[in-house]
Amino acid sequence: MFDIGFSELLVIAVVALVVLGPERLPKAARFAGLWVRRARNQWDSVKQELERELQAEEIKRQMQDVRQSMQDTESQLRASGEAVRREAAQAQQQGDDLAQEVRAPAPAQTPPHLADDVPAPAAPQDVVSAPDAPAQPAATAPADTPVADAPVPPERQP
């Protein structure tokens with residue numbers, strides 16, 4: 001603060017002793033000490049108050065930063081939640097579609113990987129006549145309609 005050395009304080013003490021005298025010097029020294037203490041206390045009080053205000057401002061800034069980060073995190077979590085809900089809904093829809101496909105009757109077509117293993121359906125053949133009758137070709141009819149005039153083989157006769 002002030003640059004006062006020991007020699008300067010000694011000069012001030014000698015001048016005060018000459019001006020005030022030995023009777024009033026102790027009272028003046030106590031009075032000066034009181035004012036110096038009050039000035040220091042006031043300065044310390046102001047200094048502490050400024051430090052408290054600065055700390056309070058710093059805490060307020062930190063709180064605002066934390067609030068902002070919490071709001072950002074909350075908005076990110078909400079967005080992530082919505083994305084997860086959409087994906088879950090899509091997965092549910094795909095699962096429902098797959099379940100419907102499984103429950104639906106399969107078409108009569110043979111899958112391509114099994115087509116080579118399955119023999120082709122037999123073509124309508126000539127009806128075999130009785131063993132003593134000469135073989136004559138029978139009239140062909142569609143596969144799902146029975147032939148009324150065709151002779152029945154002997155093994156199947158009742």
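Visitor: What relative accessibility does leucine 25 have, as a percentage?
Guide: Welcome, and please keep in mind that this is a predicted model. Leucine 25 counts as partly exposed, a class that lies between the buried limit of 20% and the exposed limit of 50%. The value that puts leucine 25 in this class is 27%.

Visitor: Which residues is leucine 25 in contact with, leaving aside its neighbours within four places in sequence?
Guide: Leucine 25 is found in helix H1. With the neighbours within four places in sequence set aside, the contacts of leucine 25 are Ala16, Leu17 and Leu20.

Visitor: How far apart in space are leucine 25 and alanine 13, C-alpha to C-alpha?
Guide: In sequence, 12 residues separate leucine 25 from alanine 13. In space, the C-alpha to C-alpha distance of this pair is 9.3 Å.

Visitor: How many helices and strands does the chain have?
Guide: Helix H1 covers residues 6-103, and valine 11 is one of the residues that lie in it. For the chain, the count is 1 helix and 0 strands.

Visitor: What percentage of the 158 residues of the chain count as buried?
Guide: A residue needs under 20% relative accessible area to be called buried. The chain exposes about 15,000 Å², and carbon and sulfur atoms supply 59% of that area. Of the 158 residues, the share that count as buried is 1%.

Visitor: How much accessible area does the nonpolar surface patch with Phe6 and Leu10 have together?
Guide: Besides Phe6 and Leu10, the patch takes in Val11, Val14, Val15, Val18 and Val19. One of its members, valine 11, has 53% relative accessibility and therefore counts as exposed, the cut-off being over 50%. Together, the residues of this patch have an accessible area of about 730 Å².

Visitor: What kind of aromatic pair do phenylalanine 31 and tryptophan 35 form?
Guide: A search of the whole structure turns up 1 aromatic pair. In that pair, the rings of phenylalanine 31 and tryptophan 35 lie 6.0 Å apart, centre to centre, with 70 degrees between their planes. Angles over 60 degrees belong to one class, so the geometry of phenylalanine 31 and tryptophan 35 is edge-to-face.

Visitor: Why are phenylalanine 31 and tryptophan 35 separated by about one helical turn?
Guide: Both residues sit in helix H1. Phenylalanine 31 and tryptophan 35 are about one helical turn apart because their separation in the helix is 4 residues.

Visitor: Which residue lies over the face of tryptophan 35?
Guide: Tryptophan 35 is partly exposed, its relative accessible area being 47%. At 5.5 Å from the ring centre, the residue over its face is arginine 38.

Visitor: Which residue forms a salt bridge with glutamate 74?
Guide: The count for the structure comes to 3 salt bridges. In this one, the closest N and O atoms are 2.6 Å apart, and glutamate 74 counts as partly exposed at 37% relative accessibility.

Visitor: What is the N to O distance in the salt bridge of arginine 61 and glutamate 58?
Guide: These two residues lie 3 residues apart in helix H1, about one turn of the helix. Arginine 61 counts as partly exposed at 44% relative accessibility, and glutamate 58 counts as partly exposed at 34%. Between the side chains of arginine 61 and glutamate 58, the N to O distance is 3.1 Å.

Visitor: What is the N to O distance in the salt bridge of arginine 85 and glutamate 82?
Guide: Arginine 85 and glutamate 82 are both in helix H1, 3 residues apart. Arginine 85 is exposed, with a relative accessible area of 54%, whereas glutamate 82 is partly exposed, with 40%. The side chains of arginine 85 and glutamate 82 meet with an N to O distance of 2.8 Å.

Note on methods: Residues are numbered from 1 along each chain as its sequence is written. This is a predicted model: local features need pLDDT of at least 70, side-chain atom pairs count only at pLDDT 80 or more; totals for chains, interfaces and linings use all residues. Side-chain values use heavy atoms; hydrogens and water are left out. Patches are made of residues with over 30% relative accessible area and no salt bridge: like charges are joined within 9 Å, nonpolar side chains (Val, Leu, Ile, Met, Phe, Trp, Tyr) within 5 Å. Accessible areas come from the Shrake-Rupley method with a 1.4 Å probe; for residues, only the protein chains shown count as cover. A salt bridge is a side-chain nitrogen of Lys or Arg within 4 Å of a carboxyl oxygen of Asp or Glu. Buried means under 20% relative accessible area, exposed over 50%, partly exposed in between (1.4 Å probe, protein chains only). Rings of Phe, Tyr and Trp (its six-membered ring) pair if their centres lie within 6.5 Å; planes under 30 degrees apart count as stacked, over 60 as edge-to-face and the rest as tilted. A charge sits over a ring if NZ of Lys or CZ of Arg is within 6 Å of the ring centre and within 35 degrees of the ring normal. Contact means heavy atoms within 4.5 Å.
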